[in-house]
2 protein chains.
Amino acid sequence: MKKEILFITGNTKKVEEVKSITGLEVLAKNLDIPEIQSLSVEEVAEAKALSAFKLVGAPVIVDDTGMSIDSLNGLPGALVAWFLDNLKPEGILKILGDEKNRKASVCTCIGYADESGVYTFTGTIKGEVSKSFRGENGFGYDPIFIPEGYDKTYAEMTSDEKNEISMRKIALLKFKEFMESRG
Amino acid sequence: MKKEILFITGNTKKVEEVKSITGLEVLAKNLDIPEIQSLSVEEVAEAKALSAFKLVGAPVIVDDTGMSIDSLNGLPGALVAWFLDNLKPEGILKILGDEKNRKASVCTCIGYADESGVYTFTGTIKGEVSKSFRGENGFGYDPIFIPEGYDKTYAEMTSDEKNEISMRKIALLKFKEFMESRG
């Protein structure tokens, strides 16, 4: 029998994605666990996975997403939700102004903890911040992020196109490999 | 005999200030306690005081400082250290650009926890973000914050002038009053 893993999230779509990519038995568990202050998604995911594991006493998955903007010296990083909630994507464009260096990257980190310790798996997509708000799909920073090698923002892509360049998928494949290597 | 309180900080100057303003017996205790993600200094201080109290099992004080900028919809708030570390005060001026609304406030929150619960005491000073970096005293946002009713940044003031308009002092006086009311 496969061992069940609890994914600490309120988003059941994420759980389906983890199951479909990793083939693991994953159940959603909605727990409110405060995130620590850090720009690093690895640090946030690690602390959260450890807290969750202490709380539920079973293997847990957590995830965290970040956006690092070069000209902001890596901000907002793992604090991106506070930027999006308070500034909206339009406000992020506004604070960048006419800055020439638009380089940025987005990443998702999967944190996993069980009795043997805590592990993190990160997928990163490089790209740039667009000069204007573009597209109607997706959410969060999707309308202002253009992945490297593309000329569309995430919000201008279909779900299928976006899934082809998914940092979450990269992170989940690393996690899958780790779990398989442990047998 | 007065009951000793542990101030969770690595800054002994802060401990002297608390003793001098409140008259309480306070000892420094240097503990690394992660801060939670929030714009609210009260939420951060409350969580930190609770964590510290659980850890040391004695009455504890923690403090947290924030800066809320109107045109950034309250950002960075309690996340101000990340802005200062990564953008420097000059970078905060840069992201504000030629924004007309310079309104901002700075605050310090004292969190106190003991066996009876957790309490927070906040001092806030209104003012504005200067248009340029001004002054050489102080640290942090001092060179870019002008308190209401003044035409100098904190960094252009002497320590004595700055202490007259100290949000930390306001918070500590509230805390003192609370402690005295409990006898």
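Let me start with Glu99(A), which, leaving aside its neighbours within four places in sequence, is in contact (heavy atoms within 4.5 Å) with Ser71(A) and Lys94(B). Before going on, this is a predicted model, in which local features need pLDDT of at least 70 and side-chain atom pairs count only at pLDDT 80 or more, while totals for chains, interfaces and linings use all residues. Residues are numbered from 1 along each chain as its sequence is written, chains are lettered from A and ligands numbered from 1 in the order in which they are written, and side-chain values use heavy atoms, with hydrogens and water left out.

Glu99(A) sits in the loop between helix H3 (80-96) and strand S5 (103-114) of chain A, where helices (H or I, at least four residues) and strands (E, at least two) are DSSP runs numbered from the N terminus. Is Glu99(A) buried or exposed? With a relative accessibility of 19%, Glu99(A) counts as buried, because buried means under 20% relative accessible area, exposed over 50%, and partly exposed in between (1.4 Å probe, protein chains only).

Across the chain boundary, Lys94(B) forms a salt bridge with Glu99(A), the closest N and O atoms being 2.7 Å apart; the rule asks for a side-chain nitrogen of Lys or Arg within 4 Å of a carboxyl oxygen of Asp or Glu. The rule finds two salt bridges across the interface of chain B and chain A. On the side of chain B that touches chain A, helix H3 (residues 80-96) of chain B gives the most, with six residues.

As for the contact as a whole, 19 residues come from chain B and 19 residues from chain A.
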